[in-house]
Amino acid sequence: MLANVVAALRVFIRTEVAEVGFEAACLPHFSIISPFEIANVFSPTHRNVVALFRESVTGFPHKAMDIREIARRAKVSTATVSRTINRVPTVDPLLARRVWRIVDQTGYFPNTQARALVSGRSRIFGLIVSEITNPFFPEIVQTFENLAVENNYEILLTSTVYDPKRMELSVRRMIERRVDGVAILTFGMEEALLEHLRFRKVPLVFVDVGPDVVGVVNIRINYENGIRQAVQHLAALRHTRIAFVSGPLALRSAIARLEAFQSSMREIGLPPELVVTGDHHIEGGVRALLELNRLGDRPTAILCSNDMTAIGVLRQAYEQGIKITNDLSVIGFDDIHLAEFTIPPLTTVQMSQRELAKIAFEALLREVESESLAQKHREHILNTHLILRRSTALAPSGKMPGGSGAAVSPRRIARRTQTLK
């Protein structure tokens, strides 16, 4: 009998302590018994023992914890408790402090699922990226999450790794969790996502490919601006053999960057002939340089579709004894954090990850907080621009007599090429 009392007491304590905010996982030694056993074992005396134990832990007598009980103890209305917990700014600060004091003392956590059912909003935004291991995405995720926390939202994060089946599962999770909106920052494979989400009236944010439909916001990247600056910069350094390493041509963003390179080359009267298809990974940059070096007339400068590809080019150049800036100039695209720390520091086209995340979050928030989905397609522009570091210099055939071939000062190049600003 005593053993059953102790076992049932453990279950009851587990339930009661978890109710006031302790994690049940912190009490792994508590055993589980059936409700029938609890009903048989717990006499009024036993329940009094449990109540006394609970009161000694929490400082409050046992009572089901909800906003009505919080309101009673804080001596405010339930509406005030609700507005305080939902961080409505119009709540009187003195009343809000009283509510939060009771919330902290009792360890109360609101039932977010119940709140979502009542309000029709989960306060969860979905964020879908291509590859979380790609250094381009962590700053996007961190910025998006910081903004979510500031605005009392959560994020449901998933990466597709360019796998259609995984993408379908990701979308299903978003729908099941009833997210308030989804930012799709995948730079490819967006059509399948759109078909799953658009008919559920979920606000969506796309990069580059958002269709002209209600409730969809498109962030258009101005690839041309930064890539034109990069090509003109290399031309000012007397490079005429300029190669381009693209991304996978199944991605619209990779095609857009390639087309921007081709048009920029034609603008300055150079043929855009030296194009190698990469994969936006370091290994793709390694293979691209090997392929370009098999040409009879090698390029003196390489513009890459992203920084990871450029880092691969730098690595393979080192392996082959090719001196960066003396023999070859390299420019990346994205301006990931690592670009500052390559040897030499990588000149690159910046596409601000922080600004991209900020635009995406604020666009979703605006759509959700409006009374209804926008009745027209909305578009935001994100510009790109060249960041000058030390991986470019005068072309080997264009160096001055007696010149060392060292990298030209970014300030001098910026003054010479006025179109960079």
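**A loop residue and its surroundings**

Author: T300 sits in the loop between α13 (282-293) and β8 (301-304). Helices (H or I, at least four residues) and strands (E, at least two) are DSSP runs, numbered from the N terminus. This is a predicted model, where local features need pLDDT of at least 70, side-chain atom pairs count only at pLDDT 80 or more, and totals for chains, interfaces and linings use all residues. Residues are numbered from 1 along each chain as its sequence is written, and side-chain values use heavy atoms, with hydrogens and water left out.

Reader: Is T300 buried or exposed?

Author: Buried, with a relative accessible area of 17%. Buried means under 20% relative accessible area, exposed over 50%, and partly exposed in between (1.4 Å probe, protein chains only).

Reader: And what does T300 touch?

Author: Leaving out residues up to four places away in sequence, T300 touches H239, R241, D327, L328, S329, A395 and P396. Contact means heavy atoms within 4.5 Å.

Reader: Zooming out, how many helices and strands are in the protein?

Author: The protein has 16 helices and twelve strands. Of its 421 residues, 48% are buried. Among contacts with a separation of 6 or more, 68% are between residues 24 or more positions apart.

Reader: OK, sheets. What's the strand order in the open sheet of six strands?

Author: The order is β2-β1-β3-β4-β5-β11, with parallel pairing. The edge strands, β2 (154-159) and β11 (378-383), each pair on one side only. Two strands pair if DSSP finds at least two bridges between them.

Reader: How many bridges for β3 and β4?

Author: Three, in the parallel sense, between β3 (residues 181-185) and β4 (residues 204-207). I184 has F206 in β4 as its bridge partner.

Reader: Which strands does α9 lie across?

Author: Helix α9 (residues 164-176) lies across β1 (124-129), β2 and β3, and runs at about 165° to β2. Axes are lines fitted to C-alpha atoms, for helices over the stretch in contact, and angles run from 0 to 180 degrees between N-to-C directions. Helix α11 (residues 223-236) lies across β5 (216-222) and β11, at about 10° to β5.

Reader: Now helix packing. How do α11 and α12 cross?

Author: Their axes come within 9 Å and cross at roughly 45°, with α12 spanning residues 252-267. That angle is why α11 counts as oblique to α12. Angles under 35 degrees count as roughly parallel, over 145 as roughly antiparallel, 65 to 115 as roughly perpendicular and the rest as oblique.

Reader: Which residues meet there?

Author: From α11, Y223, E224, I227, R228, V231 and Q232 meet S253, A256, R257, A260, F261, S264, M265 and E267 in α12. The residues of this contact divide into seven nonpolar, three polar and four charged. Ala, Val, Leu, Ile, Met, Phe, Trp, Tyr, Cys and Pro count as nonpolar, Asp, Glu, Lys and Arg as charged, and the others, Gly among them, as polar.

Reader: Switching to α4: which residues are buried?

Author: In α4 (residues 67-74), E69, I70, A71, R73 and A74 are buried. Their cover includes α5 (78-85) and α6 (93-106). Just after α4, K75 takes a positive phi of about 60°.

Reader: At what angle do α4 and α5 pack?

Author: About 105°, with their axes 8 Å apart. So α4 is roughly perpendicular to α5. I67, R68, I70 and A71 in α4 meet T78, V81 and I85 in α5, and the contact residues divide into five nonpolar, one polar and one charged.
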